[in-house]
Amino acid sequence: MTSHRIAPALGVTTGFVLLAGMYLVLAPWLTHFGGAGVLALSNTVTGLVLVALAIARTVTPRVRPLSWVVPVLGAWAGLSLVVLRPTWVTWPSAGAIVGNVVAAVVVVLAGLALTRV
């Protein structure tokens, strides 16, 4: 059997994407999203795709061409606060908004790094 070693830079960047994706999935339950159900759904779907891409990128190099999707999803996580705003019944908490922005920045930066690894 051959040992499959992951390059340290790949492991770090996919780790950040994985953690930020998991946060986006859990954020509706960790922070108060109020009546922003569409934002909660968007976060959950975006987070699940990010988790799947991070795992797939770590497991096989064949997924490398899809690395460009990661920063795009990160940008969506940040822009969704503005784009989906008209659908909110009530405003999410400040913690929910800050959490989305921080997760978006982490995913965009890690995603850009991931496209180079």
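**Close-up 1. A56 in helix 2.** A56 sits in helix 2, which covers residues 37-59; helices here are DSSP runs of H or I with at least four residues, strands are runs of E with at least two, and both are numbered from the N terminus. In this predicted model, local features need pLDDT of at least 70 and side-chain atom pairs count only at pLDDT 80 or more, while totals for chains, interfaces and linings use all residues. Residues are numbered from 1 along each chain as its sequence is written, and side-chain values use heavy atoms, with hydrogens and water left out. Is A56 buried or partly exposed? Its relative accessibility is 24%, so A56 counts as partly exposed (buried is under 20% relative accessible area, exposed is over 50%, and partly exposed lies in between, with a 1.4 Å probe and protein chains only). Look along to S42 as well: A56 and S42 are 14 residues apart in sequence, and their C-alpha atoms are 21 Å apart in space.

**Close-up 2. Helix 2 against helix 3.** Helix 3 spans residues 69-83, and its axis runs 10 Å from that of helix 2 at an angle of about 165 degrees (axes are lines fitted to C-alpha atoms, for helices over the stretch in contact, and angles run from 0 to 180 degrees between N-to-C directions). The two helices are therefore roughly antiparallel; that term is for angles over 145 degrees, with under 35 roughly parallel, 65 to 115 roughly perpendicular and the rest oblique. Helix 2 and helix 3 cross in a left-handed way, meaning that the near helix is turned anticlockwise from the far one by less than a right angle, whereas clockwise would be right-handed. From helix 2, L39, S42, N43, T46, V49, L50 and L53 meet V69, V70, L73, W76, S80 and L81 of helix 3, where contact means heavy atoms within 4.5 Å.

**Close-up 3. Helix 1 against helix 4.** Here helix 1 (residues 8-30) packs with helix 4 (residues 94-116) at about 155 degrees, their axes 9 Å apart. That angle makes helix 1 roughly antiparallel to helix 4, and the crossing is left-handed. Helix 1 brings residues including F16, V17 and Y23 to the contact, and helix 4 brings G95, G99 and G111, among others.

**Close-up 4. The chain around these views.** The protein chain has 4 helices and 0 strands, in the order α-α-α-α from the N terminus. Its C-alpha atoms fill a box of roughly 55 × 20 × 20 Å along the principal axes. Buried residues make up 41% of the 117 residues.
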